[in-house]
Amino acid sequence: MQVLQVQLEVGPDPAEVGRARRWARSRLAGSGIGDDEPLAETLVLLISELVTNAVVHTGCPAVLRMLFGGAGVRVEVADASDRPPRPRHADGDDTNGRGLELVDGLADRWGWQREGTGKSIWCEVDRAPAAGPGAGTGQGAGVSPSWVPC
């Protein structure tokens, strides 16, 4: 299977999140995923959440990668912080703390792994709806069965 990988370096500034979303939309369109497709909206939201987490919670630059394979799209955000992601639970009107809950709800699979001295948080979205038990429920941290880490 051939995999196309594109990447963007993201600075440690919250304004970079908007730039990452615009960049992602253009790369999705270039891969044949239309801007008006639900898959594109889901991926842009996932990218927004993962890049926001990297920029806000680490204060470090990050690298956003998108990998396009036959079965779907994998998004990875790598940063220099060695702190593992900590899912939080937002209450009521809280404006923070929902990022990884969104990732878990929207991605078909997600997790994190050590990368160099830092980490990479990844998620995958299948192009076609998956069938069978657990489809679309996310798997939490773990090794992805369909992708081999770089």
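pLDDT is the predictor's confidence in each residue, from 0 to 100. This is a predicted model, in which local features need pLDDT of at least 70, side-chain atom pairs count only at pLDDT 80 or more, and totals for chains, interfaces and linings use all residues. Residues are numbered from 1 along each chain as its sequence is written, and side-chain values use heavy atoms, with hydrogens and water left out.

The protein chain has an average pLDDT of 82. A score of at least 70 is reached by 76% of the residues. Residues 130–150 stay under 50. The model gives that stretch 43 contacts (heavy atoms within 4.5 Å) beyond four places in sequence. Where pLDDT is low, the predicted coordinates should not be read in detail.

Start with the sheet. Helices (H or I, at least four residues) and strands (E, at least two) are DSSP runs, numbered from the N terminus. Two strands pair if DSSP finds at least two bridges between them. Five strands make an open sheet in the order 1-2-3-5-4, with antiparallel pairing. Strand 1 (4–10) and strand 4 are its edges, each pairing on one side only. From one strand to the next, the twist averages 20 degrees; axes here are lines fitted to C-alpha atoms, for helices over the stretch in contact, and angles run from 0 to 180 degrees between N-to-C directions.

Strand 4 (residues 109–115) pairs with strand 5 (residues 118–126) over seven bridges, in the antiparallel sense. The two form a hairpin with two residues between them. In the turn, Gly 116 has a positive phi of about 60 degrees. Gly 111 has Trp 122 in strand 5 as its bridge partner. Arg 114 stands opposite Lys 119 in strand 5.

Next comes helix 1. Helix 1 has 15 residues. Its buried residues (under 20% relative accessible area, with a 1.4 Å probe and protein chains only) include Ala 20, Trp 23 and Leu 28. The buried residues of helix 1 pack against strand 1, helix 2 and strand 2. Just after helix 1, Gly 32 takes a positive phi of about 95 degrees.

Finally, the core. A nonpolar core is a set of buried Ala, Val, Leu, Ile, Met, Phe, Trp, Tyr and Cys residues joined through side-chain atoms within 4.5 Å. The largest one has 33 residues; Val 51, Leu 64 and Met 66 touch the most other members. Helix 2 gives the most to this core, with 10 residues. Not counting residues up to four places away in sequence, Leu 64 touches residues including Val 6, Trp 23, Ile 47 and Val 75.

Terms used. Buried means under 20% relative accessible area, exposed over 50%, partly exposed in between (1.4 Å probe, protein chains only). The expected span of a helix is 1.5 Å times one less than its number of residues.
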